[in-house]
Every structure is written in structure tokens, then in C-alpha cells.
Number of protein chains: 2
Amino acid sequence: MSQDLFQEIFQPGFSNPFLDEVHDGAILDMGGQKLAFSTDSFVVNPIFFPGGNIGDLAINGTVNDIAMCGADPKYLSAGFILEEGYPLESLKTIVESMKNAAANAEVALVTGDTKVVEKGGVDGVFINTSGIGLVRQGVEISPKRAEVGDIVLINGRIADHGIAVMTKRQGLEFESAVITDCASLNKMIGALLDVVEDVHVLRDPTRGGIAATLNEIATAANAGIELFEDQIPLDDQVKAISSLLGLDPLYIANEGKVLVIVKETDADKALNTMKSFDEGRESSAIGRVVEKNAGKVILETSIGTRRIVDMPSGEQLPRIC
Amino acid sequence: MSQDLFQEIFQPGFSNPFLDEVHDGAILDMGGQKLAFSTDSFVVNPIFFPGGNIGDLAINGTVNDIAMCGADPKYLSAGFILEEGYPLESLKTIVESMKNAAANAEVALVTGDTKVVEKGGVDGVFINTSGIGLVRQGVEISPKRAEVGDIVLINGRIADHGIAVMTKRQGLEFESAVITDCASLNKMIGALLDVVEDVHVLRDPTRGGIAATLNEIATAANAGIELFEDQIPLDDQVKAISSLLGLDPLYIANEGKVLVIVKETDADKALNTMKSFDEGRESSAIGRVVEKNAGKVILETSIGTRRIVDMPSGEQLPRIC
């Protein structure tokens with residue numbers, strides 16, 4: 001629904017910089033400086049889930065969106081919508097998580113707003129974070145820049161976030177050791193941009209998983225993307241739970257992952273840099289940009305068959321972030 | 001509740017620039033540029049009310065918050081939280097209002113996000129807007145700068161917004177000709193800053209009305225503020241409805257008003273500039289900063305008595321913006 005809403009209703013109301021690029025944030029000129037500006041509302045359900053809560057999610061999500069623009073995130077805002085009577089102890093824990101996540105990402109939470117809504121007017125707590133960062137000179141990150149021959153990298157296991165949240169969903173609770181991958185990626189990406197001069201694409205595969213994000217890139221670049229199933233890091237338990245729930249991990253949300261697309265000659269350097277960070281220890285080259293099947297994502301399975309990975313048609317897991 | 005939440009829970013989690021000034025936005029350094037950055041979530045109920053809707057409210061609210069920092073608003077983000085099944089026609093009208101309000105204020109809506117929540121998870125539509133603007137060189141706007149002898153100006157009638165919304169509240173509907181004063185003030189304020197070199201304070205008296213805002217200023221400046229009741233512009237119908245509902249217009253929300261505090265020698269110049277704009281046609285000098293009663297707001301009534309205008313202890317009208 002969100003995708004359709006955007007194209008039919010929101011896009012006509014928004015200005016050019018946003019129209020031209022389907023991006024995680026807008027790149028703006030501000031008195032001669034290039035800034036990245038991004039916003040995201042968080043409605044995750046449940047609010048607390050294994051390994052995190054809505055608070056660190058809200059910080060890391062916006063930090064990462066800005067990092068995906070090739071910018072160094074600096075300042076964040078936070079807007080809270082609270083249900084009347086929401087336990088103050090829970091709220092304190094959420095704010096504490098935000099503080100820690102901000103400190104860890106080295107961003108400052110500088111302005112905020114709170115609205116309290118009567119019971120039933122909202123489901124617990126929603127948080128909007130917006131952020132601004134300075135775009136690095138010379139970088140030109142865009143999904144359009146995926147070029148034939150480029151290598152697709154990811155910084156670790158997919159689908160952990162979606163599965164962690166699902167295991168705590170009402171009516172579905174079950175025990176598992178899976179925790180969210182929620183993390184800020186700006187330091188790793190900063191190091192990557194220091195080392196690899198010409199990074200082509202950076203995108204975080206959140207809602208809709210790597211399937212949605214790679215489809216968007218394939219469409220924007222008008223190129224095909226081939227994925228190698230056996231190169232995609234995936235936890236055994238996540239694989240088992242996904243299978244049990246009838247979900248495909250390629251479509252499940254991540255919160256601390258980035259898809260990096262670079263020239264083949266830069267791939268090793270990029271991979272080694274990413275692996276030197278905790279959040280990139282299990283980085284892997286998972287695919288390649290090809291001429292064939294322009295606009296499509298093709299998975300080469302571990303048993304040697306090939307299948308199209310379609311754009312998800314609806315939201316598989318609502319309220320996952 | 002919001003005030004307490006802020007002090008007890010949010011403030012300890014936020015960074016210095018936000019802590020130091022109780023402001024509508026944060027003033028930031030961004031590669032040598034001074035930027036204003038502000039965020040606001042809108043949960044107004046009903047979503048459509050006489051003279052406006054949540055859409056223009058969300059644009060003008062953030063435009064004004066940035067203007068209050070002595071900055072020229074440039075770019076806005078919009079984050080939508082929608083209830084599943086919310087009528088698309090209504091949503092289109094809201095987005096159209098946002099587009100028009102943005103065009104009118106000459107700001108660009110550059111980045112956005114939409115989350116859809118299941119029925120009952122949210123009450124219709126909530127919108128968060130964040131914005132950035134360039135702070136004008138040499139301006140130093142702060143509630144602390146209200147100085148003894150300064151004059152307090154307002155750009156027109158108070159309490160229209162709150163009353164307009166109330167007349168459409170479920171269970172309370174009644175006919176009236178009162179419409180919201182919702183408007184962007186950045187052009188008028190820009191002209192004011194062009195003409196008056198040293199504007200001391202700019203604040204928009206939204207939630208809690210001019211009573212709450214003037215109390216905040218009196219506290220920040222550690223000075224008294226005397227108000228002259230017969231100088232405060234107030235529509236007869238608004239006065240009658242407020243009286244009927246047992247509400248004090250001083251405490252009722254405005255959406256297109258600004259309290260301007262300047263040196264006495266600048267007051268006429270400021271007033272004339274404000275009056276040259278539609279949104280300031282009924283501007284009036286309504287009070288004065290005094291040494292006595294530091295931290296307090298005193299109203300001299302039209303019948304010559306004096307009373308303390310306290311800080312509102314709770315939210316008189318929830319979901320007014």
C-alpha cells in the first residue's frame with residue numbers, strides 16, 4: 001500500500017529533488033553546503049522485541065538513511081506520539097535506548113516534540129526521527145549508478161530483524177535466540193567511502209527486505225541483478241523459522257544491513273573494509289549487476305536453478321519498523 | 001503532561017543545544033552555516049476543521065517554528081502514519097493542502113515516509129513535519145532576551161484556531177463562523193527582521209495559548225510581563241464561545257500568531273511592518289516587559305483590575321494541533 005500511496009498521492013505533492021531520485025533521503029543545497037535530509041516514522045509492533053526496541057530502531061534507522069546518501073549524519077530530531085497512560089517506565093527505557101544509540105552513532109538528538117493522544121487514539125508509542133548530515137565531497141551515490149559488471153555486497157545475515165519482531169507478535173509468540181540486527185552503519189560506511197573512491201550504490205534493505213531494495217535498484221539502473229543464494233548470509237534458525245511461517249528471507253526486513261554496489265575491481269577492498277567492523281564481520285559478495293533481464297532480480301539457487309525475485313506486491317510483514 | 005514528560009524523561013536524553021534553550025527549534029552549526037532544525041507531530045482531531053485541515057497545519061506549524069528561530073525555512077520533510085482504510089479522497093485533499101501551503105510559504109517538501117497501521121492502531125492520520133532553514137546573520141532571538149521596557153506585540157486575534165477546532169469536536173458540534181488562523185508567518189517575520197535590526201524574542205503561541213508562551217518567556221528572561229486586556233485582539237464570537245465553554249482565550253491555541261518582543265523604540269516600526277501583511281493586519285502592542293513580578297505574567301483587565309495569568313497546569317484542549 002505504501003508504495004502505491006507514494007506514487008499516486010504523495011509524489012505529486014512533493015518537490016523536485018524528491019521526485020527525481022527514489023532515495024532514502026533528499027540531497028539539498030543549503031547556502032553552498034550539500035546536506036542530506038531524511039525522515040522516518042516508526043510504528044513497530046511490539047514496541048520491545050529481542051535485541052532492541054522502537055527507540056534504538058528510530059535512531060539507527062534515520063542515521064542509516066542519511067549514511068546511505070553518502071553523508072555523515074550529525075543531527076537528529078525526535079517526535080513522539082504517546083498513548084495516554086503509556087507506562088512511564090517503558091518510555092524511560094525507550095528514551096535511554098535512543099540516547100545510547102545516538103551516542104554510539106555519534107549523532108546529537110537536538111530537537112523534539114511530544115503529543116499525547118487519548119487511549120485508543122494510538123497504539124502505545126510512535127516515534128518519528130528526522131536527520132541531517134553533511135554529504136561528502138565527490139561522492140555520487142544513486143541506485144541509477146549500478147553498472148553492468150558491478151558487484152553487490154552485503155554486510156551480514158539477512159532477515160534477523162523481521163524474524164526477531166515476529167517471534168514476539170501477539171498470537172504468534174515462540175522462543176528463539178534470534179535478535180534484531182538493528183545497528184548504526186555510519187561508521188562502517190564512512191570508512192568504506194574513505195577507502196573506495198567511487199561507491200556506486202548504498203541502500204539499506206529494510207521493509208520488503210533485499211528483494212524489494214534490489215528490485216528498486218534494478219529498475220532505477222535498468223540493469224539485471226543476479227544473486228547467488230549460497231553467498232547470502234542467513235542464520236539457520238532464521239531460515240527454519242521463515243520456512244515455518246511460510247516467509248521468504250529475501251523479503252524480510254533488516255535494520256542493520258546495507259547493500260553496497262561497487263566496481264568489480266573495488267569489491268575486495270570494500271569487503272575487507274566492511275569486515276573490519278563488528279557490523280560487517282560476515283560481509284559477503286552476494287551478486288552481480290548484469291545486462292540481461294534488465295529491471296529484474298534473478299536468484300541462482302544453491303541447487304543450481306534460477307528464479308525471478310519479484311518486487312513484493314504488498315507488505316509481507318506490517319509494522320516491522 | 002507533555003511539559004512534565006519533557007523535563008523528566010526527554011530532556012536527560014537530549015543533547016546540549018536543545019537543553020540550553022527552550023525553543024521551537026535547535027540552532028546548529030553545519031559546516032560553518034548556522035541552521036535552524038525543528039520537528040512537530042500533528043494529531044489534530046478532527047482532521048478537517050473550519051478553515052483548514054491537518055495538512056496545512058503540518059506545513060505552517062513547522063514553517064513557523066523555523067521562522068521563530070530567526071531563520072528562513074527552506075526544506076521540509078513529511079512523515080505520515082495512516083490508519084488502514086483511511087479514505088484516499090481525504091488523503092488527497094490533505095496532501096493538496098500541504099502542497100498549497102508549501103508553495104505559499106515558498107518552502108520545498110523534499111523527503112517523506114508513510115506507515116500504514118491496522119484499523120484501530122491510529123486515529124485516522126497523523127503527520128510529522130520536520131524542517132530546516134538558514135539562520136539570518138546577526139540575529140539573536142531568544143526568550144531570555146526579553147528586557148525590561150520591551151514591548152510585546154502580536155499579529156492579530158487570539159484563540160481562533162482552538163475555537164474553530166472545538167466547534168467540530170464530536171459531541172460538541174455547533175455552528176459558528178470562526179475559522180482557524182493557520183498561516184505561514186515566515187514572510188512577515190522575514191520583513192520584520194529586515195526592518196528591525198534587533199528583534200529580541202519571537203515565539204508562536206500554539207498549545208497553551210499566549211498565556212503559556214508568555215509565562216515561558218517571563219521565566220526564561222526572569223522578568224515580569226504586563227498584558228493589557230483591552231489591547232489583545234479578540235473576535236466577539238470567539239469571546240462568546242470561550243465564555244460558553246468555560247475557557248479563557250489567553251489559554252487557547254493559535255496557529256498563525258507570533259509574539260514579537262522588541263525595544264520600545266523599535267515597537268512602532270515593527271508594528272507597521274507587521275500590519276503591512278495580511279496575516280498581521282490586526283497587529284497590536286499588547287504588553288510590556290517589567291521588572292516587577294519577575295517570572296510572572298500579569299493581566300490588567302479592561303475594568304482596571306489586575307490578575308496573575310498562570311502557566312496552564314494541564315492541557316486545556318488536547319489534540320488541538
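## Two copies, one axis

Let's start inside chain A: strand β5(A), helix α4 (residues 88-105) and strand β6(A) make a right-handed β-α-β unit. Right-handed here means that, with the strands pointing away from you, the path from the first strand over the helix to the second runs clockwise. Helices (H or I, at least four residues) and strands (E, at least two) are DSSP runs, numbered from the N terminus.

This is a predicted model, where local features need pLDDT of at least 70, side-chain atom pairs count only at pLDDT 80 or more, and totals for chains, interfaces and linings use all residues. Residues are numbered from 1 along each chain as its sequence is written, while chains are lettered from A and ligands numbered from 1 in the order in which they are written.

Back to those strands. β5 (residues 71-83) and β6 of chain A pair in the parallel sense over nine bridges; strands count as paired if DSSP finds at least two bridges between them. Strand β6 (residues 108-117) of chain A is mostly covered, with eight of its 10 residues buried. Buried means that 20 or more other C-beta atoms, placed from the backbone, lie within 10 Å of the residue's own.

Here are two pairs of residues that stand opposite each other:

| Residue | Opposite residue | Strand of the opposite residue |
|---|---|---|
| A:Ile81 | A:Lys115 | β6(A) |
| B:Ser77 | B:Thr111 | β6(B) |

Over in chain B, five strands form an open sheet with mixed pairing, in the order β1-β2-β7-β5-β6. β1 and β6 of chain B stand at the edges with a single partner strand each, so one side of each has no neighbour in the sheet.

How do the two chains relate? Chain B can be laid on chain A with an RMSD of 0.0 Å by a turn of 180° and a shift of 0.0 Å along the axis, superposing by least squares on the C-alpha atoms of residues with pLDDT of at least 70 in both. That is the relation of a two-fold axis. In chain B, the C-alpha nearest that axis belongs to B:Val122, 2.2 Å away from it.

And where they touch? 57 residues of chain B are in contact with 57 residues of chain A, contact meaning that C-beta atoms, placed from the backbone, lie within 7 Å. On chain B's side, β6(B) gives the largest share, 10 residues. Finally, 100% of the interface residues of chain B are also interface residues in chain A, so the copies meet through the same surface.

Conventions. Contact = placed C-beta atoms within 7 Å. Buried ≥ 20, exposed ≤ 12 C-beta atoms within 10 Å, placed from the backbone.
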